[in-house]
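Student: I have a structure on my screen and I'd like to get to know it piece by piece. Can we go through it together?

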Amino acid sequence: MKDTMIGVDLAKNVFQLHAASMTGQLRFSRKLSREKFRSFMAGQPPAVVVMEACGSAHYWAREMVRLGHEVKLIAAQYVRPFVKRQKNDAADAEAIVIAAQRPEMRFVEPKTAEQQSRAILFRARERLVRQRTELINALRACLYEYGHIIPQGAHQIKRVAEILDTPNSDLPALMREECAELLEQIAEQTVRINARTTKIKALAVEADTARRLQTIPGVGPLTALAVEAFAPPMENFKCGRDFAAWLGLVPRQFSSGGKERLGRISKAGQADIRRLLIIGAMSRLNRLGRKSIPETSWLAHIAARKPRMLVAIALANKMARTIWALMTKNEDYRVPAQAAVVA
């Protein structure tokens with residue numbers, strides 16, 4: 001049993017340490033430079049090292065594990081209530097230890113280097129998509145000033161090219177040059193996006209977990225990679241409902257006095273996975289996706305009675321619970337009718 005807990009307030013150059021016993025008695029409080037932090041921790045006996053889940057936290061978590069320490073990461077919003085009157089590095093490190101010693105505290109699972117690499121790839125593609133959207137909106141705004149209304153969507157770029165190439169166009173030459181420059185930038189961003197999409201699909205084919213997740217209707221390579229990159233091990237959740245709650249796909253509660261009041265979804269968890277699951281659910285509810293929904297299924301019954309967005313949220317919640325089941329049981333998705341026959 002480790003008898004010391006060391007709270008570390010991470011920074012770029014100076015790290016603040018606060019060490020205490022498991023019962024709360026202060027052992028030491030020390031400020032170290034980045035160079036001295038690693039050597040100091042290497043000389044410490046095995047302890048429980050606690051850090052906020054912020055920038056570089058997962059890297060230092062892996063480094064502390066190599067030195068023989070046990071590492072726990074806490075979300076920053078769970079540490080803030082334990083900070084005393086004045087906020088400084090020493091107070092933050094002390095608050096980290098106090099929060100970690102609470103028996104009901106929830107911790108963040110440290111990510112592996114492979115998980116972080118996949119997360120960086122996913123974020124890179126998202127950033128390029130946002131940049132391309134910005135360029136497309138700027139191009140649409142320029143044409144709007146000359147009376148040309150271009151609908152939203154990247155697929156409408158062909159209409160812009162047709163307008164610019166029209167011989168008798170009323171657009172000035174300088175305006176055409178600027179729009180052509182924007183079109184070139186959009187094309188470059190599209191090439192980069194496609195390259196990262198291809199890389200994501202290749203990773204999704206190589207990984208057995210990602211392949212298994214893609215057997216679920218509405219789950220594609222992007223969603224599978226996001227689950228692998230951002231979701232903690234499914235063993236941390238007791239059931240699929242806990243995983244759906246972690247994603248924020250459950251109603252927000254305003255209950256009091258024994259009376260239950262439920263609102264909109266909490267949106268309290270991982271936003272990328274939640275967004276992709278909702279997009280996948282919406283794809284099953286469009287004109288083409290509805291053809292694969294059996295008329296006697298629960299989805300068909302609820303889709304006939306409820307608004308489309310509400311049905312998509314309910315379906316995304318069920319998809320999250322299905323993901324938990326597949327990852328914990330190491331099985332492929334089976335259509336409910338087929339599953340009943342097999343049983």
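Predicted model: local features only at pLDDT ≥ 70, side-chain atom pairs only at ≥ 80, totals over all residues.

Student: Which residues do ring pairs link into a cluster?

Tutor: Look for aromatic rings that are joined to one another by pairs of that kind. Follow the ring pairs and you get a cluster made of Phe-15, Phe-37, Tyr-59 and Trp-60.

Student: How many aromatic pairs does the structure hold, and what kind of pair do Phe-28 and Phe-40 form?

Tutor: The structure holds nine aromatic pairs. For Phe-28 and Phe-40, the rings are 5.7 Å centre to centre, with 80° between the planes. Planes over 60 degrees apart count as edge-to-face, so 80° makes the pair of Phe-28 and Phe-40 edge-to-face.

Student: Which parts does the pair of Phe-28 and Phe-40 tie together?

Tutor: Find each partner in turn. Phe-28 is buried at 18% relative accessibility, and Phe-40 is buried too, at 14%. They are twelve residues apart in sequence, so the pair ties together strand β3 (residues 26-33) and helix α1 (residues 34-42).

Student: How many of the residues of α2 are buried?

Tutor: Buried means under 20% relative accessible area. In α2, that list includes Ala-57, His-58, Trp-60 and Met-64, and the buried residues of α2 pack against β2 (14-21), α1, β4 (48-52), β5 (70-74) and α5. The helix α2 is mostly covered, and the count of its ten residues that are buried is seven.

Student: Which residue just after α2 takes a positive phi?

Tutor: Step just past the end of α2 and check the backbone angle there. The phi is about 95°, and the residue is Gly-68.

Student: Is Arg-125 buried or exposed?

Tutor: Arg-125 sits in helix α5 (residues 113-144). Leaving aside neighbours within four places in sequence, Arg-125 is in contact with Ile-193, Arg-196, Thr-197, Ile-200 and Leu-222. Its relative accessibility is 15%, so Arg-125 counts as buried.

Student: And Lys-267, is it buried or exposed?

Tutor: Lys-267 lies in the loop between β7 (262-265) and α11 (271-285). Leaving aside neighbours within four places in sequence, Lys-267 is in contact with Gly-248 and Arg-274. Exposed means over 50% relative accessible area, and Lys-267 has 56%, so Lys-267 is exposed.

Student: Which element supplies the largest share of the lining of the largest pocket?

Tutor: About 1,300 Å³ of space lies in the largest pocket. Of the 40 residues that line it, the closest to its centre are Ala-75, Phe-107, Val-108, Pro-232 and Trp-246. By class, the lining has 21 nonpolar, twelve polar and seven charged residues. The largest share of the lining, five residues, comes from α5.

Student: And which element supplies the largest share of the lining of the second largest pocket?

Tutor: This pocket holds about 640 Å³ of space. Of the 24 residues that line it, the closest to its centre are Lys-318, Tyr-333, Arg-334, Val-335 and Pro-336. The elements α12 (298-305), α13 (308-329) and α14 (336-342) each supply at least two lining residues. The largest share, eight residues, comes from α13.

How values were computed:
Residues numbered from 1 in each chain as written. Heavy atoms only, no water. Helix = DSSP H or I, 4+ residues; strand = E, 2+ residues; numbered from the N terminus. Buried < 20%, exposed > 50% of the residue type's maximum accessible area, 1.4 Å probe, protein only. Contact = heavy atoms within 4.5 Å. 1 Å grid on protein atoms, 1.4 Å probe; cavity = no way out; pocket = protein on both sides within 12 Å on 5 of 7 lines; lining within 4 Å. Points joined across faces, edges and corners; volume = space filled by probe spheres on them. Nonpolar A, V, L, I, M, F, W, Y, C, P; charged D, E, K, R; others polar. Phe/Tyr/Trp six-rings, centres within 6.5 Å; stacked < 30°, edge-to-face > 60°.
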